[in-house]
Amino acid sequence: MDLQRLEPAPPPLGADHVARGLRLADLAPAERPYVILNMVATADGRATVDGRAGPIGNEADRDLFHHLRTQADAVMAGARTVAIERYGRLVRDPALRDKRREEGLALDPLAVVVSGRLDLPADVPLLADEHSKVVVVTGSEGRLEGCRAQVEYLRGEGATVDLGAALRRLRDEYGVRSVLCEGGPALNAALLRERLVDELFLSLASKLDGGPDALPTVRGLPVDGVVDMDLVWVLRAGSDLFLRYRLR
Ligand SMILES: NC(=O)c1ccc[n+]([C@@H]2O[C@H](COP(=O)([O-])OP(=O)(O)OC[C@H]3O[C@@H](n4cnc5c(N)ncnc54)[C@H](OP(=O)(O)O)[C@@H]3O)[C@@H](O)[C@H]2O)c1
């Protein structure tokens, strides 16, 4: 049996090293991109405090959140997350755009917004950003007016879009081989139900919320059977844990 060294502890790693060279695209199956999910939760599994994710994570979580955006061709989020969290240009820091180039990726990730009804506020900063290219996965026939971002549409049929088909089209039509999904809980459930998630990066904050209105990290129709996962790594910053799982 192998022995694991706990003391003296190995040297600490910055988010830059943790989220570097993940080469997610190389792990993609032939028919769709590799999909990783990144979420932060309280120790009682809540993904929101007072309706937002921000109060949950610590500085290390925010650092890792931004560095993970340097690892994927596309960043995906549900319409409510984009609206409530006021998404803007996905990689604002020029040093992180340089990191993307070193990883062989485009300077800016493709932004993928999932919105069945296309009910997005017009003033979301992402849509107003001239550097951003946005693909809206939607069941609506409508268009978003007054955007300075370059916006294209992947249209499905009906308000509930076939996300597997959308991912296949992202690969075939946009060359997307890796997707970082940032939630929220409703989109997570929809992806999990279709078994479209390959990995979960979960930041577990040393906080309890217990609020009746706080959302869990996954919500919606139940997944067909329990999803088993293998632990890839555990990192620690202060009292918070950073878990990476691979879904079976
Ligand atoms: N802790 C964290 O890490 C974290 C991360 C992200 C978000 N959050 C929090 O989570 C909350 C938002 O999450 P949420 O669960 O309410 O919403 P969400 O998952 O961000 O977005 C839900 C919307 O996505 C669209 N959608 C999802 N699956 C779809 C499908 N298969 N077909 C068509 N459309 C689909 C629908 O848009 P339409 O309504 O247009 O049909 C749906 O209303 C916010 O409070 C945010 O702060 C926390």
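Is Ala95 buried or exposed? Ala95 counts as exposed, because it has 9 C-beta neighbours inside 10 Å. By definition, a residue is buried if 20 or more other C-beta atoms lie within 10 Å of its own, exposed if 12 or fewer, and partly exposed in between, with C-beta atoms placed from the backbone.

Two remarks apply to the whole tour. The model is predicted: local features need pLDDT of at least 70, side-chain atom pairs count only at pLDDT 80 or more, and totals for chains, interfaces and linings use all residues. Residues are numbered from 1 along each chain as its sequence is written.

Ala95 belongs to helix 4 (residues 94–102). Helices (H or I, at least four residues) and strands (E, at least two) are DSSP runs, numbered from the N terminus.

At Gly183 the ligand comes into view. Of the 33 residues around the ligand, Gly183 is among those that come nearest, together with Gly78, Thr81, Gly116 and Gly184; a residue is near a molecule if its C-beta atom, placed from the backbone, lies within 6 Å of it. Strand 1, helix 3 (79–84) and helix 7 are the elements that give two or more residues to this shell. Sorted by class, the shell has 17 nonpolar, ten polar and six charged residues. Here Ala, Val, Leu, Ile, Met, Phe, Trp, Tyr, Cys and Pro count as nonpolar, Asp, Glu, Lys and Arg as charged, and the others, Gly among them, as polar.

The peptide bond from Gly183 to Gly184 is cis, with omega near 5°. Gly184 is in the loop between strand 6 (178–181) and helix 7.

Next, select Ala74, Val75, Val112, Val113, Val179 and Cys181, the residues with the most contacts inside the largest nonpolar core, which has 63 residues. Strand 1 (residues 34–42) gives the most to this core, with seven residues. Such a core is a set of buried Ala, Val, Leu, Ile, Met, Phe, Trp, Tyr and Cys residues joined through C-beta atoms within 7 Å. In soluble globular proteins, nonpolar side chains tend to be buried together.

With neighbours within four places in sequence left aside, the contacts of Ala74 are Pro109, Leu110, Val112, Leu170, Val176 and Val179. Two residues are in contact if their C-beta atoms, placed from the backbone, lie within 7 Å.

Which residues of helix 6 are buried? They are Leu163, Ala166, Leu167, Leu170 and Arg171. These residues lie on the same side of helix 6, because they cover an arc of only 140° around the axis; the arc is that of the directions from the helix axis to the C-beta atoms. On the other side of helix 6, Asp172 and Glu173 are exposed. Just after helix 6, Gly175 has a positive phi of about 65°.

Asp50, in the loop between strand 1 and helix 2 (59–68), has a phi near 55°, a positive value in a residue other than glycine. Asp50 counts as exposed, because it has 10 C-beta neighbours inside 10 Å. Finally, select Arg86 in the loop between helix 3 and helix 4. Arg86 is not a glycine, yet its phi is positive, about 50°. Arg86 counts as partly exposed, with 13 C-beta neighbours inside 10 Å.
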